[in-house]
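Below are my notes on the model you sent.

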Amino acid sequence: MKRLKGVTLLAVLALLVAACGGSTSESAAPSGDEKPAGWLEALGAGEGQLNLIIWPGYAERGEYEGFNWVDPFEAETGCKVNVTAMTDSNNGVQLLQSGQYDGGSFSGDASVRLMTAGDVAPVNVDLLSNYAAVFSGLKNQAHNSMDGMPYGVPHGRGPNLLMWNTDVVTTAPTSWDAVWDGNADVNGKISIYDSSIYIADAAIHLMSKRPELGITNPYQLNEEQFTAAIDLLEKQRDLGVIYWGSYADQVAGFASGDLVIGTTWQFMANVLGGDATAPKVETVMPEEGSTGWSDTWMMATKAANPNCMYLWMNHMMSAEANGQATVFFGEAATSEAACDYAETIAPGHCELTHASDEAYWESIWYWATPREDCDDADPATTCKTQDDWVEAWTTLRGN
Amino acid sequence: MMRRITGWFNQHPRATLRALLAGPLGWISIVYLGSLFILLMHAFWSKDSFTGKVEPFNWTLDAFAQILSNPVYFTIAARTIGIAALVTITAAAIALPVAYYMARIASPRKRALLLVAVTMPLWASYLVKIYAWRTILQTNGLLGWAISPFGLEGPGLTEIANSWLVLTYLWLPYMILPVYAGLERIPNSLLEASADLGGRGWITFRRVIFPQLIPALAAGSIFTFSLSIGDYIVPDLVSDAKFIGNVIYDNSALGSFPVAAAFSFVPILVMIGYLLVARRLGAFESL
């Protein structure tokens with residue numbers, strides 16, 4: 001009898017959930033000239049708080065001296081900022097879909113999925129006074145717009161870099177070979193990003209080493225190309241690779257000497273550079289090119305605090321905030337004015353990060369989502385999907 | 001009005017009991033079991049492979065098919081269960097002599113000191129202890145420094161043995177305490193009787209003490225085994241070998257929620273089986 005009661009309870013719960021689920025899906029009826037979901041016609045007063053998903057280092061409030069663009073925002077708008085750092089883009093997508101956030105800073109492999117799913121809203125850029133000054137090369141791109149409508153505002157962009165400990169790796173590397181082929185100095189101490197998107201880095205290596213595979217886009221791989229990339233990753237794993245999930249893991253590993261070379265963001269090199277007790281590190285953008293990202297602040301369609309989110313998007317395009325943020329993370333600023341401001345804290349920053357050098361960005365493959373249709377017009381080609389990538393990564397890491 | 005209500009409850013004592021229990025039981029069944037139920041239901045839902053969105057009530061067994069078709073999930077489950085079993089055996093092997101000394105040999109003063117020593121680590125945060133182990137185990141860590149005179153290097157933070165070591169350390173008190181309590185419960189007269197009948201130390205332990213300790217060991221093993229099988233922070237921070245929990249976490253954090261939910265059936269089923277065996281051994285009487 002007792003058992004039966006439990007079962008009944010579960011059945012009631014199931015019905016309850018079914019009822020809730022059913023009603024929401026039916027109510028979303030499309031209609032012709034209605035504004036898109038989440039569209040803001042006019043800016044109102046801030047709601048008092050803002051919940052963001054960020055890349056680590058994208059919302060600093062003075063923990064590192066001279067870098068604080070959150071406190072001034074809070075003081076000015078009254079929007080208290082709460083942040084959650086994502087570990088990779090897949091994680092960011094999952095967090096936003098949980099429905100508890102107003103928005104976040106998303107790379108291309110997350111932003112396109114979010115736009116397609118309707119999880120993020122198109123942005124009324126007329127309400128954002130700083131949007132006009134943004135470099136035109138960062139507006140209306142595939143990763144931040146859909147059907148000609150902007151779905152967010154740029155934060156900054158940069159490549160994934162090769163970082164090494166100069167005490168151990170004495171000749172400065174110019175290619176990714178050391179992390180793929182290994183050598184006596186670095187085996188067992190190679191640091192690799194723990195995310196399925198890293199498969200694209202293997203594909204970039206194959207583009208230069210095995211041109212016969214015919215890889216034209218490292219994110220859209222057919223069966224043969226994908227298998228070759230996974231083979232390469234398995235060989236790499238057997239060199240004694242250590243995978244980093246959070247930037248702090250990698251920083252701790254380099255600081256203790258357990259890691260001596262690997263793939264990184266300029267941010268970690270900056271953190272290590274600021275630690276007098278850590279070994280000296282350097283970074284380079286290898287000659288084969290690299291993966292990279294161009295990040296976008298996007299607003300969740302169901303944002304509870306849309307006005308604060310708009311205020312934040314505008315703030316993050318301001319010269320002061322964008323200048324500080326891009327210097328802090330070591331990425332390219334998004335406007336001439338932000339560049340000028342960045343130069344005042346880090347002279348040479350904009351030239352170093354190629355802020356307005358569109359030709360440089362040609363050699364960088366911005367993170368993108370693997371798609372079954374290969375993201376091309378040819379219906380004959382099929383590629384491995386996002387799910388295939390995640391599962392292959394689980395397999396690689398699980399064995 | 002109030003009086004009427006109290007009067008009614010007075011006449012219906014069973015209703016009083018039910019009203020009192022409704023709160024906690026409702027909480028357990030709706031908040032606790034309900035959320036678990038919804039979680040497990042995700043295993044049978046499909047999801048959009050591009051956007052990663054779960055499609056509720058779109059029933060499919062794809063997640064289970066994926067887990068069954070890829071041998072890596074079996075490897076991970078076997079590894080997790082194997083390490084959890086190893087942790088349990090190791091903890092029992094350490095707990096037996098320690099608890100025996102505490103219960104039978106040590107003076108009351110020493111016993112109190114040892115009890116404090118065993119429970120003291122439980123006062124510190126779980127994460128702090130794991131990070132302490134990281135500084136011990138990393139290549140240039142404390143252990144590496146201690147063994148460097150012999151030309152040896154620290155183990156680094158990738159070895160699977162690290163997980164075994166750290167999990168054993170973390171859960172050892174949960175094994176020592178029930179075994180200690182079990183030993184205290186064995187009357188001295190039994191041991192004297194065994195000695196009178198010619199039973200020497202080892203025989204007495206094997207034939208008199210150990211059989212009576214089985215419920216206590218089973219009780220302790222529930223903690224060490226279940227806490228190990230569900231842990232994902234230790235394997236993440238001190239080694240590179242994934243456990244069931246890591247795969248569940250990774251998949252849920254990375255947008256394959258149905259796979260995560262489907263894989264979470266594995267530890268649940270293993271633990272149900274384990275608890276049934278433990279109940280047979282009388283573990284629930286010595287908790």
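**Notes on the predicted model**

1. In this predicted model, the contact draws on 32 residues of chain A and 30 residues of chain B. On the side of chain A that touches chain B, at least two residues each come from helix H1 (2-27), helix H3 (89-97), helix H4 (108-117), strand S10 (241-244) and helix H15 (386-398) of chain A. H15(A) gives the largest share, eight residues.

2. Sorted by class, the side of chain A that touches chain B holds 16 polar, 10 nonpolar and six charged residues.

3. Helix H4 of chain B covers residues 71-105, 35 residues in total. From first C-alpha to last it reaches 50 Å, close to the 51 Å expected at 1.5 Å a residue.

4. Where along H4(B) are the buried residues? They include B:Tyr73, B:Ile76, B:Thr80, B:Ile83, B:Val87, B:Ala91 and B:Met102.

5. Chain B has 14 helices and two strands. Its radius of gyration is 25 Å, well over the 19 Å from the globule rule for 287 residues, so chain B is more spread out than a compact globule. The C-alpha trace of chain B spans about 75 × 70 × 35 Å along its principal axes.

6. Buried residues make up 33% of the 287 in chain B. Among contacts in chain B with a separation of 6 or more, 67% are between residues 24 or more positions apart.

Key. Residues are numbered from 1 along each chain as its sequence is written. Chains are lettered from A and ligands numbered from 1 in the order in which they are written. This is a predicted model: local features need pLDDT of at least 70, side-chain atom pairs count only at pLDDT 80 or more; totals for chains, interfaces and linings use all residues. Two residues are in contact if their C-beta atoms, placed from the backbone, lie within 7 Å. Helices (H or I, at least four residues) and strands (E, at least two) are DSSP runs, numbered from the N terminus. Ala, Val, Leu, Ile, Met, Phe, Trp, Tyr, Cys and Pro count as nonpolar, Asp, Glu, Lys and Arg as charged, and the others, Gly among them, as polar. The expected span of a helix is 1.5 Å times one less than its number of residues. A residue is buried if 20 or more other C-beta atoms lie within 10 Å of its own, exposed if 12 or fewer, and partly exposed in between; C-beta atoms are placed from the backbone. The radius of gyration is taken over C-alpha atoms; the globule rule is 2.2 Å times the number of residues to the power 0.38.
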